[in-house]
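Visitor: I would like a close look at a single part of this model. Please keep it brisk.

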Amino acid sequence: MAHIVDTHVGKRIRQRRWLIGMTQQKLAELVGIKFQQIQKYETGANRVSASRLWDIAESLGVPVGFFFEGLEPAGSEAAEAGIMVPSDLFADKEAMDLVRSYYAIPEAQRRRLFELARVLSDVA
């Protein structure tokens, strides 16, 4: 059975890969492994070694710490504050497509869209 940390790291690899529109095959080529290994990392079936995680982070353009973000104990401040955000928000491909589309919008329009979303969420 996969350890919760291995599963979390794998999900973060998949999330970042989806966000930048990279295939498993492309990531595998950049890292120098087969795409099946990327699949195993993303599901948490195989643990990612420190050096391999370093290579993956470099290939995906993020710091190594990115893969551990959001990994908090159940009694964390966010959980206690009652923030209503799903713990696995970006596991859904639709959510990832939404984020990718958001960042494709020019910055000035993106800022206005953000402000609109903020106003709408305050009304709800």
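Visitor: Which residues are buried in H6?

Guide: First, the ground rules. This is a predicted model, where local features need pLDDT of at least 70, side-chain atom pairs count only at pLDDT 80 or more, and totals for chains, interfaces and linings use all residues. Residues are numbered from 1 along each chain as its sequence is written, and side-chain values use heavy atoms, with hydrogens and water left out.

In H6, the buried residues are Ala 95, Met 96 and Val 99. They cover an arc of only 100° around the axis, which puts them on the same side of H6; the arc is that of the directions from the helix axis to the C-beta atoms. Buried means under 20% relative accessible area, exposed over 50%, and partly exposed in between (1.4 Å probe, protein chains only). On the other side of H6, Glu 94, Leu 98 and Ala 104 are exposed.

Helices are DSSP runs (H or I, at least four residues), numbered from the N terminus. H6 covers residues 93-104. Its 12 residues should span 16 Å at 1.5 Å a residue, and its end C-alpha atoms are 16 Å apart, which agrees. The expected span is 1.5 Å times one less than the number of residues.

What do the buried residues of H6 pack against? Their partner is helix H1 (4-19). Contact means heavy atoms within 4.5 Å.

Arg 100 pairs with Asp 97, the closest N and O atoms being 3.1 Å apart. Arg 100 is partly exposed, at 29% relative accessible area. Asp 97 is partly exposed too, at 30%.

Terms used:
Helix = DSSP H or I, 4+ residues; strand = E, 2+ residues; numbered from the N terminus. Salt bridge = Lys/Arg side-chain N within 4 Å of Asp/Glu carboxyl O.
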